[in-house]
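Please keep the model in view while working through the numbered points.

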Amino acid sequence: MNSSQDTLFATPFTQVSDFQFDNKVVGVFNDMIRRSVPGYGQIINSIGDLADKFVTKNSHVYDLGCSLGAATLSVRRRLQDRECHIIAVDNSQAMIARCQENLTSYVSDTPVDLICGDIRDIQIHNASLVILNFTMQFLAPDDRDNLIKKIYDGLNPGGLLILSEKLYFEHTAIQSALDELHLDFKRANGYSELEISQKRSSLENVMKPDTLPQHEYRLKKQGFENFNTWFQCFNFASMIAIK
């Protein structure tokens, strides 16, 4: 999964456009994620470990918002002889094309169906694992309940949902402190103040994070009684919910 260095926001823009997962972003996505999301590598590795524990024979795995396929590959490496089927979905054709290239670099007996489409339209059934890895935060808030309900209904008993998201904190001092830690993380990874500011403006109308209590309320409302956060670094967290 090679990637060029992310310099997309290094040049001043007269007007910053809304963030899109287009060819320009695909070309630098690995570098962007590595330098922007603390703990991303650990989350990806652990998704594979969780898949090994929860994916059952002859079931389906859904990677909703698969981007370049990092989570799909992590799962696929751990599912030898499970006779499972992975369905990986993204609404960016550029992401799907690069994801296909990445998948062909790893030989496996576990088939992967790559679908370019809206995750809200995907039918989920016979699932032992569903992954939403920094995906739901890009959906309109009104669509999130319906998606979680669809996932719950499509999971088999004992099935696992992995939900990774950037978090928002209602307490002003906590939000400010964790936001500043995240900005320091990006600065330490070589992003300039201009890049940080312009990317934030680009994401402002596109990404709408929830609070952790909002996630918990939504998951329990749609049927998930067993929920917990298994990973958090600053304002980024990954949660698991078991049906």
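1. Leaving aside residues up to four places away in sequence, Gln222 touches Asp145, Ile148, Lys149 and Tyr152, where contact means heavy atoms within 4.5 Å. Gln222 lies in the loop between α8 and β6 (226–233). With a relative accessible area of 11%, Gln222 is buried (under 20% relative accessible area, using a 1.4 Å probe and protein chains only).

2. This is a predicted model, in which local features need pLDDT of at least 70 and side-chain atom pairs count only at pLDDT 80 or more, while totals for chains, interfaces and linings use all residues. Residues are numbered from 1 along each chain as its sequence is written, and side-chain values use heavy atoms, with hydrogens and water left out.

3. Helix α5 (residues 141–154) packs with helix α8 (residues 212–221) at an angle of about 45°, their axes being 9 Å apart. Axes are lines fitted to C-alpha atoms, for helices over the stretch in contact, and angles run from 0 to 180 degrees between N-to-C directions. Helices (H or I, at least four residues) and strands (E, at least two) are DSSP runs, numbered from the N terminus.

4. Arg144, Asp145 and Ile148 of α5 meet Arg218, Leu219 and Lys221 of α8 in this contact.

5. Strands β1 (residues 60–64) and β4 (residues 127–133) pair in the parallel sense over four bridges. Val130 in β4 is the bridge partner of Tyr62.

Conventions: Buried < 20%, exposed > 50% of the residue type's maximum accessible area, 1.4 Å probe, protein only. Pairing = 2+ DSSP bridges.
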